[in-house]
Amino acid sequence: MAAATRRGAAGGARAGGKSREISRRRPPRPLALPRSRESGAAHPAMAAALRAARRLRVPVPRWPRPAWFSHDAERRHLPPPPVSPQPPPAKYGGRHTVTLIPGDGIGPELMLHVKEVFRHACVPVDFEEVRVGAEAPEADVHNAIMAIRRNGVAIKGNIETNHNLPPSHKSRNNLIRTSLDLYANVIHCQSLPGVETRHRDVDILIVRENTEGEYSSLEHESVAGVVESLKIITAGRSRRIAHYAFGLARAAKRRSVTAVHKANIMKLGDGLFLQCCKEVAAEYPEISFQSMIVDNTTMQLVSRPQQFDVMVMPNLYGNIVNNVCAGLVGGPGLVPGANYGHDYAVFETATRNTGKSIANRNIANPTAALLAACMMLDHLRLHSYATTIRQAVLSSLDDPRTHTPDIGGQGTTSGAVQSIINHLP
């Protein structure tokens with residue numbers, strides 16, 4: 001009997017020691033349950049839920065919010081974003097899958113020529129084609145967005161935005177850019193060989209904020225005949241695009257960045273954008289920084305464009321400056337463009353012109369679409385294919401017989417593409 005008591009005591013001590021060890025490892029008790037004022041007891045349903053959670057011990061996730069959405073972003077140092085998102089890895093047999101959106105106007109025929117050139121150059125890219133038109137339902141747009149999310153990269157023709165449609169109709173291009181947070185629109189505007197223009201030696205990188213500003217789609221009619229349209233400028237997104245522009249300038253070994261604004265009139269909105277650019281410029285001491293009012297910018301561009309190196313600006317100014325610069329080097333058929341986010345990239349022509357008036361007439365210039373495809377290949381790190389096709393495109397421009405009407409020639413789209421194919425090794 002005494003032995004059994006001793007064994008029981010020893011077992012209790014061992015159990016007690018184990019209990020104390022477990023209690024030392026147990027996390028602190030979570031929040032106390034609210035109790036009833038009348039009885040002082042915890043609510044039975046809440047108590048049961050809390051007991052189940054303790055048994056499961058599921059940690060509560062702390063989702064990181066992007067820095068540009070935080071309320072105190074202006075008080076914290078924001079790390080610069082990458083110059084471009086990481087490309088998706090190659091899949092079966094080292095091939096990449098790219099979403100292709102033909103768009104409207106001349107888009108479908110130009111995308112056919114891109115596929116034709118890729119086939120002759122043996123580019124390891126497969127296309128997943130998704131059709132989205134000007135009046136396509138939003139379900140089609142969401143299908144295209146899901147395809148881009150799946151593949152990570154897309155090339156597209158422009159989708160027409162008809163201003164005669166009701167205000168509830170949203171631009172399909174804008175939906176794609178905002179849904180994927182493609183915040184940086186980048187075009188490289190440079191003089192091309194064989195193309196006669198007023199100005200020579202133009203070489204400008206234009207960085208346009210792509211997700212806010214006047215394109216926020218926030219407008220309403222206060223009273224009959226009075227419409228208010230909201231322009232949204234935020235410190236976080238202004239810093240984000242400024243970091244992108246300066247990071248691009250550093251990566252491309254450029255010497256200066258010019259911020260384009262209208263802060264003399266819009267002192268709060270554009271003033272905030274300009275102030276963010278100045279703060280970011282201080283982190284890149286090797287790159288000179290200047291600012292210029294947008295109306296003066298357009299005059300300086302058409303008179304002496306060589307003074308500009310890298311330019312950064314809000315959404316609407318970027319649209320205007322992109323088109324002005326495209327005109328300086330020969331027109332919309334020559335300049336490619338890209339839209340970058342943290343996770344996705346979409347490539348297209350720089351001016352986003354549908355070219356409806358010349359659709360299906362075999363006179364559209366394929367240069368911009370093919371150079372955009374080369375930018376896409378560089379993004380996928382298929383640099384040798386990008387260089388080969390780019391050299392073929394530029395070599396074909398040396399022959400005036402291949403020039404389409406937009407650059408003063410009498411050539412055809414198919415003739416220009418055949419010349420490019422003939423220049424492939």
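Is tyrosine 340 buried or exposed, and what is its relative accessible area? In this predicted model, in which local features require pLDDT of at least 70, side-chain atom pairs count only at pLDDT 80 or more, and totals for chains, interfaces and linings use all residues, tyrosine 340 is buried, with a relative accessible area of 10%. Residues are numbered from 1 along each chain as its sequence is written, and side-chain values use heavy atoms, without hydrogens or water. Buried denotes under 20% relative accessible area, exposed over 50%, and partly exposed the range in between (1.4 Å probe, protein chains only). Of the 425 residues of the chain, 47% are buried.

Six aromatic pairs were identified; rings of Phe, Tyr and Trp (its six-membered ring) pair if their centres lie within 6.5 Å, with planes under 30 degrees apart counted as stacked, over 60 as edge-to-face and the rest as tilted. Tyrosine 244 and tyrosine 340 are stacked, at 6.2 Å centre to centre and 25° between the planes. This pair joins helix α6 (residues 235–251), which holds tyrosine 244, to strand β11 (residues 336–340), which holds tyrosine 340, across 96 residues. Tyrosine 244 is likewise buried, with a relative accessible area of 2%.

Phenylalanine 246 is buried at 0% relative accessible area, and tyrosine 284 is buried at 5%.

The charged end of arginine 240 sits over the ring of tyrosine 183, 4.1 Å from its centre (criterion: NZ of Lys or CZ of Arg within 6 Å of the ring centre and within 35 degrees of the ring normal).

How values were computed. Helix = DSSP H or I, 4+ residues; strand = E, 2+ residues; numbered from the N terminus.
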